[in-house]
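Q: I have a model open and would like to go through its layout. Can we start with how the helices sit on the sheets?

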Amino acid sequence: MLNVQQVCGGYTGESILRNISFEVGKGELFGILGPNGSGKTTLLKMISGILPIQEGSISVNGQLLSKFTPKQLAKMVAVLPQHSSQAFSYTVKETVSLGRYAHLDGWFQGWSKEDERIVQQVMVQTGVADFSHRDIQQLSGGERQRVYLAQALAQEPEILLLDEPTNHLDLSYQKELLDLLKKWTNERSLTVISIFHDLNLAGLYCDQLLLLNEGAINKRGTPNEVLKEERIKEVYQTEIKKHPHPKVPVPQMVLLPEWQNELEKKDPIINPNMLSLSKDHIVLQSSVPLRTMSSGVVGAGMGWYETFINRHVDKNYDCSDHRKEMAEYIRSHGFDPNESVGMMTAVRLEDVSYRLYTEKDFSVFVVVTAGVGNAVDASKSDSHSFEMVPGTINTWVFINGNITEEAFIQGIMTATEAKVKSLQDQMVIDRMTGTLATGTSTDSILIAATQSGKSLEFAGTITPLGKLISKGVYECTTEAIGKYVKRIQE
């Protein structure tokens with residue numbers, strides 16, 4: 001579709017771009033990235049034919065750009081600049097209608113029903129139809145941007161060039177605009193080439209990315225290939241972290257602010273003094289948010305939380321809307337559900353077992369409540385019917401250290417292995433199968449870390465961190481089950 005080969009050029013003889021080569025296929029959404037001054041807008045102007053190239057070639061469908069007449073090129077390529085200006089006070093509809101000029105014999109000579117249909121259609125698709133008779137000078141920046149997009153789409157181009165199209169749009173219109181462009185690439189084979197400053201939007205919508213730096217190509221490829229953490233750090237000269245999008249398989253980049261360093265200097269130590277106990281709930285209140293992975297009723301998954309609640313409920317508790325009810329319970333006790341991890345258990349909370357385990361540069365605080373009335377053997381779980389009941393072994397592992405994503409997962413595995421070993425050593429039996437149990441049907445667990453102090457990369461069973469987790473979970477689970485069994489026997 002578009003072929004750029006060994007292009008060099010810039011302004012007044014100065015070469016801003018050097019040896020730029022890439023191809024864009026029909027129906028692709030192609031993103032151009034790079035810091036300010038890297039040549040993004042210059043490249044877009046060359047592709048549009050506004051700026052001549054000094055060396056190399058640009059061709060569309062196999063024909064050199066220089067061979068097209070202006071009107072021929074306008075039928076092939078439409079441009080939405082970053083800052084559009086309007087010299088005359090046209091209405092919205094009149095402005096959009098200008099996009100049909102390349103298809104007319106003269107200024108609105110031969111205006112047809114098809115021209116009118118296309119103008120009306122693109123105004124609806126870009127959300128400007130409701131104010132089609134308003135003067136464009138009366139519109140906000142975001143509204144104008146959508147009008148000029150409608151004008152560009154009215155050209156019915158094969159290639160649409162955009163310079164930061166979401167610059168003046170609020171969040172909802174950013175999504176609507178990019179959803180529309182993505183739909184047009186898929187359904188109408190429109191080729192879209194756009195400059196992006198927002199790396200996350202580029203990663204979310206683009207099929208291919210081109211990363212420029214100091215007038216040259218740093219990398220071209222899929223979002224996952226281009227948006228590498230170390231590459232973006234080097235090109236943009238800023239601290240970032242790369243994370244996968246929670247819903248779709250694309251990368252997302254997050255900035256690391258300077259104030260995080262101040263947070264790390266606080267270096268909080270999670271310890272038994274932060275724990276408050278009552279017959280209704282156990283609460284640990286941290287002075288700073290902790291990075292947490294949990295299976296709680298509230299706060300499940302990964303997040304940052306300050307309050308951790310293990311709540312006692314009756315064995316006959318109605319679990320039909322347990323998440324909503326648990327959130328209301330947390331709120332009614334003066335805590336924010338958005339800042340909390342909440343768990344439930346049917347065991348008596350006074351039978352809790354907790355202990356702080358320390359090493360030279362880090363420590364682990366473990367809290368366990370346990371009962372084995374509904375213990376199950378995971379290898380024979382198909383013998384049990386599914387029933388939502390409150391969890392009976394809840395395990396909290398607080399790490400005073402800075403751990404990796406890998407260590408979070410390994411920590412969950414290590415803690416689970418230690419819990420299973422405790423149940424086996426105490427000969428806890430699955431009543432349904434008569435075999436050794438591995439847990440209960442709805443156990444909950446969390447790993448939370450201060451993310452300050454010593455860096456801890458791994459948490460496998462024989463690593464320094466894993467050893468503390470293993471020892472703590474095993475001992476606290478054993479003690480908690482012992483208290484539970486003693487109470488039942490009494």
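Q: Which strands does α1 lie across, and at what angle to β1?
A: α1 lies across β1, β2 and β4, running at about 120 degrees to β1. Helices (H or I, at least four residues) and strands (E, at least two) are DSSP runs, numbered from the N terminus. Axes are lines fitted to C-alpha atoms, for helices over the stretch in contact, and angles run from 0 to 180 degrees between N-to-C directions. Contact means heavy atoms within 4.5 Å.

Q: What sort of model is it, and how are things counted?
A: It is a predicted model: local features need pLDDT of at least 70 and side-chain atom pairs count only at pLDDT 80 or more, while totals for chains, interfaces and linings use all residues. Residues are numbered from 1 along each chain as its sequence is written, and side-chain values use heavy atoms, with hydrogens and water left out.

Q: Back to β1. What is the strand order in the sheet with β1?
A: The order is β2-β1-β4-β5, an open sheet of four strands with antiparallel pairing. Two strands pair if DSSP finds at least two bridges between them. β2 and β5 (63-64) are at the edges with a single partner strand each, so one side of each has no neighbour in the sheet.

Q: How many bridges join β1 to β2?
A: Seven bridges join β1 to β2 (residues 14-24), and the two run antiparallel. Leu2 stands opposite Val24, and Gly9 is opposite Leu17.

Q: And how many between β1 and β4?
A: β1 (residues 2-11) and β4 (residues 55-60) pair over five bridges, in the antiparallel sense. Gln5 has Ser57 of β4 as its bridge partner.

Q: Which strands make up the open sheet of six?
A: Its order is β6-β7-β8-β3-β9-β10, and the pairing is mixed. β6 (77-80) and β10 (216-221) are the edge strands, each pairing on one side only. The twist averages 15 degrees from one strand to the next.

Q: Do β3 and β8 pair in the parallel or the antiparallel sense?
A: They pair in the parallel sense, over four bridges. Ile32 stands opposite Ile195 in β8.

Q: What packs on that sheet?
A: α6 does, touching β3, β7 and β8, and its direction makes about 130 degrees with that of β3. α1 (residues 40-48) lies across β3, β6, β7, β8 and β9 (208-213), at about 155 degrees to β7.

Q: How many residues does α6 have, and how far does it reach?
A: α6 (residues 171-188) has 18 residues and reaches 25 Å from its first C-alpha to its last. That is close to the 26 Å expected at 1.5 Å a residue, where the expected span is 1.5 Å times one less than the number of residues.

Q: Which residues of α6 are buried?
A: Gln174, Leu177, Leu178, Leu180, Leu181, Trp184 and Thr185 are buried. They cover an arc of only 150 degrees around the axis, which puts them on the same side of α6; the arc is that of the directions from the helix axis to the C-beta atoms. Leu171, Asn186 and Glu187, on the other side, are exposed. Buried means under 20% relative accessible area, exposed over 50%, partly exposed in between (1.4 Å probe, protein chains only).

Q: What do the buried residues of α6 pack against?
A: Their partners include α4, α5 (141-154), β7 (159-163) and β8 (191-195).

Q: And just after α6?
A: Ser189 takes a positive phi of about 60 degrees there.

Q: How many residues are in the largest nonpolar core?
A: It has 45 residues, and Val96, Leu160 and Leu181 have the most contacts inside it. The largest share, seven residues, comes from α5. Apart from this core lies another, of 35 residues, among them Val364, Ile412, Ala459 and Ile469. A nonpolar core is a set of buried Ala, Val, Leu, Ile, Met, Phe, Trp, Tyr and Cys residues joined through side-chain atoms within 4.5 Å.

Q: What does Leu160 touch?
A: Not counting residues up to four places away in sequence, Leu160 touches residues including Ala78, Leu149, Leu181 and Ile193.

Q: Changing topic: is Val119 buried or exposed?
A: Val119 counts as buried because its relative accessibility is 0%. Val119 is in helix α4 (residues 113-125). Leaving aside neighbours within four places in sequence, Val119 is in contact with Lys93, Val96, Ser97, Arg100 and Trp111.

Q: Last one: what joins β17 to β18?
A: A hairpin does, through four residues. Six bridges join β17 (residues 353-358) to β18 (residues 363-370), and the two strands run antiparallel. Ser353 stands opposite Val368 in β18.
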